[in-house]
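Subject: Structure handover

Hello,

Here is the structure for you to look at. My notes on what was found in it follow below.

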Amino acid sequence: MLSLLEGFTLTNPESVGRDLAADFRKRRIEKNITRKMMAEKSKVALATLTRFEQKGEISLHNLVRLAMALGYTSEIKSIFSQPKFSTMEELDQINRNQGKKKAYDNRKSTRK
């Protein structure tokens, strides 16, 4: 039973940020790049890099800089490139809306 629950965690922005930071740190260390070297290469402040690795907190702009410095440009660029769906209804909705430029609220207005 425990093996089924292993890796199952409630997802929230903080845990996603920490997991992302842990993976980033692993990749940085695998390439034998110190924090100081990464800060210089990415032009992200060392304090910002340290906060990211310790707390998972970073701006999108700096995250993109770090990803590019490690060679993950295509991965960061493609994060929203493919549609995601969990039901057939969602897939139908995606297919109907392909090519649209705006989303509209289909609920009836309650204004009088």
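Is Phe-24 buried or exposed? Phe-24 is buried, because its relative accessible area is 8%; buried means under 20% relative accessible area, exposed over 50% and partly exposed in between, with a 1.4 Å probe and protein chains only.

Some notes on the source. This is a predicted model, in which local features need pLDDT of at least 70 and side-chain atom pairs count only at pLDDT 80 or more, while totals for chains, interfaces and linings use all residues. Residues are numbered from 1 along each chain as its sequence is written, and side-chain values use heavy atoms, with hydrogens and water left out.

Overall layout

The protein has 7 helices and 0 strands, where helices (H or I, at least four residues) and strands (E, at least two) are DSSP runs numbered from the N terminus. Along the sequence the pattern reads α-α-α-α-α-α-α. Of the 112 residues in the protein, 20% are buried. Taking contacts (heavy atoms within 4.5 Å) between residues at least 6 apart in sequence, 42% join residues at least 24 apart.

The aromatic pair

There is 1 aromatic pair, by a rule in which rings of Phe, Tyr and Trp (its six-membered ring) pair if their centres lie within 6.5 Å, and planes under 30 degrees apart count as stacked, over 60 as edge-to-face and the rest as tilted. The ring centres of Phe-24 and Phe-52 are 5.6 Å apart and the planes stand at 55°, so this pair is tilted. Because Phe-24 lies in helix H2 and Phe-52 in helix H4 (residues 46-55), the pair ties together parts that are 28 residues apart in sequence. Phe-52 is buried too, at 1% relative accessibility.

The core and helix H4

The largest nonpolar core has 12 residues, among them Phe-24, Phe-52, Leu-49, Leu-63 and Leu-66; a nonpolar core is a set of buried Ala, Val, Leu, Ile, Met, Phe, Trp, Tyr and Cys residues joined through side-chain atoms within 4.5 Å. H2, helix H3 (35-42), H4 and H5 each supply at least two residues of this core, and the largest share, 3 residues, comes from H5.

In H4 the buried residues are Thr-48, Leu-49, Thr-50, Phe-52 and Glu-53. Their cover includes H2, H3 and H5. Ala-47 is also found in H4, but Ala-47 is exposed, with a relative accessible area of 58%. Just after H4, Gly-56 takes a positive phi of about 80°.

Two loop residues

Asn-32 is not a glycine, yet has a positive phi of about 60°. Asn-32 lies in the loop between H2 and H3 and counts as exposed at 64% relative accessibility. Lys-43, in the loop between H3 and H4, has a positive phi near 65° and is exposed at 63% relative accessibility.

Regards
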